[in-house]
Amino acid sequence: MPRSWSVETSIYIDRAHQGKGIGRALYAELFDRLRAQRFRIAVAGITLPNPASIRLHELMGFEPIGALRDIGWKDGWHDVGYWQLYLQPPGDGTPVEPLPPGPAA
């Protein structure tokens with residue numbers, strides 16, 4: 001059975017709670033769990049423009065990889081940019097199979 005070594009991530013923080021480190025804390029915990037499961041890459045889609053979300057993702061180590069133009073509707077048509085984060089070091093060879101989710105620590 002084929003496996004996926006990548007995951008798409010999304011977090012949403014209510015506007016009243018943004019800028020308090022909640023997004024960083026959630027992502028740090030999520031990435032620890034995804035690394036323990038042996039996932040290789042995390043991908044995030046961001047409706048543009050969104051400087052705060054871009055800043056958060058880049059602080060967490062994501063790098064921009066491209067955008068889909070005029071594809072998302074959010075009170076008007078918007079681009080959706082994509083960012084990627086290596087959860088495991090990049091490399092060649094046969095990847096190790098990812099593990100199912102385990103109990104929360």
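Biologist: Which residue in β4 is the bridge partner of E63?

Modeller: In this predicted model, E63 has Q84 as its bridge partner in β4.

Biologist: How many residues lie between β3 and β4?

Modeller: The two strands form a hairpin with 3 residues between them. In the turn, D75 has a positive phi of about 55 degrees.

Biologist: In what order do the strands of the sheet come?

Modeller: The order is β1-β2-β4-β3, in an open sheet of 4 strands with mixed pairing. At the edges are β1 (6–9) and β3 (63–73), each of which pairs on one side only. From one strand to the next, the twist averages 25 degrees.

Biologist: Which strands does helix α1 touch?

Modeller: Helix α1, residues 22–36, packs on the sheet and touches β1, β2 (41–47) and β4. Its direction makes about 165 degrees with that of β1.

Biologist: Then where does helix α2 lie?

Modeller: Helix α2, made of residues 51–59, lies across β2, β3 and β4. Relative to β2, helix α2 runs at about 165 degrees.

Biologist: Let us take a residue from that helix. Is H57 buried or exposed?

Modeller: H57, which is found in helix α2, has 5% relative accessibility and therefore counts as buried, the cut-off being under 20%. Leaving aside neighbours within four places in sequence, H57 is in contact with Y27, A44, I46 and F62.

Biologist: What about L26, is that one buried or partly exposed?

Modeller: L26 lies in helix α1. Its relative accessibility is 42%, so L26 counts as partly exposed. From L26 to A36, 10 residues along in sequence, the C-alpha to C-alpha distance is 16 Å.

Biologist: What is A42 in contact with, leaving aside its neighbours within four places in sequence?

Modeller: A42 is in contact with V7, T9, F31, F62, W83, Q84, L85 and L87. Q84 in this list is also the bridge partner of E63.

Biologist: A change of topic: how many aromatic pairs does a search of the whole structure find?

Modeller: The search finds 4 aromatic pairs. One of them is Y27 with F31: the ring centres are 4.7 Å apart and the planes are at 15 degrees, so this pair is stacked.

Biologist: Why are Y27 and F31 separated by about one helical turn?

Modeller: Y27 and F31 are 4 residues apart in helix α1, which means a separation of about one helical turn. Y27 and F31 are both buried.

Biologist: Which pair links distant parts of the chain?

Modeller: Y27 also forms an aromatic pair with F62, and this pair is tilted, at 5.8 Å centre to centre with 35 degrees between the planes. Y27 belongs to helix α1, whereas F62 sits in the loop between α2 and β3, 35 residues apart. Both residues of the Y27 and F62 pair are buried.

Biologist: Which residues do the ring pairs link into a cluster?

Modeller: The cluster consists of Y27, F31 and F62, linked by ring pairs.

Note on methods
Residues are numbered from 1 along each chain as its sequence is written. This is a predicted model: local features need pLDDT of at least 70, side-chain atom pairs count only at pLDDT 80 or more; totals for chains, interfaces and linings use all residues. Side-chain values use heavy atoms; hydrogens and water are left out. Two strands pair if DSSP finds at least two bridges between them. Axes are lines fitted to C-alpha atoms, for helices over the stretch in contact, and angles run from 0 to 180 degrees between N-to-C directions. Contact means heavy atoms within 4.5 Å. Buried means under 20% relative accessible area, exposed over 50%, partly exposed in between (1.4 Å probe, protein chains only). Rings of Phe, Tyr and Trp (its six-membered ring) pair if their centres lie within 6.5 Å; planes under 30 degrees apart count as stacked, over 60 as edge-to-face and the rest as tilted.
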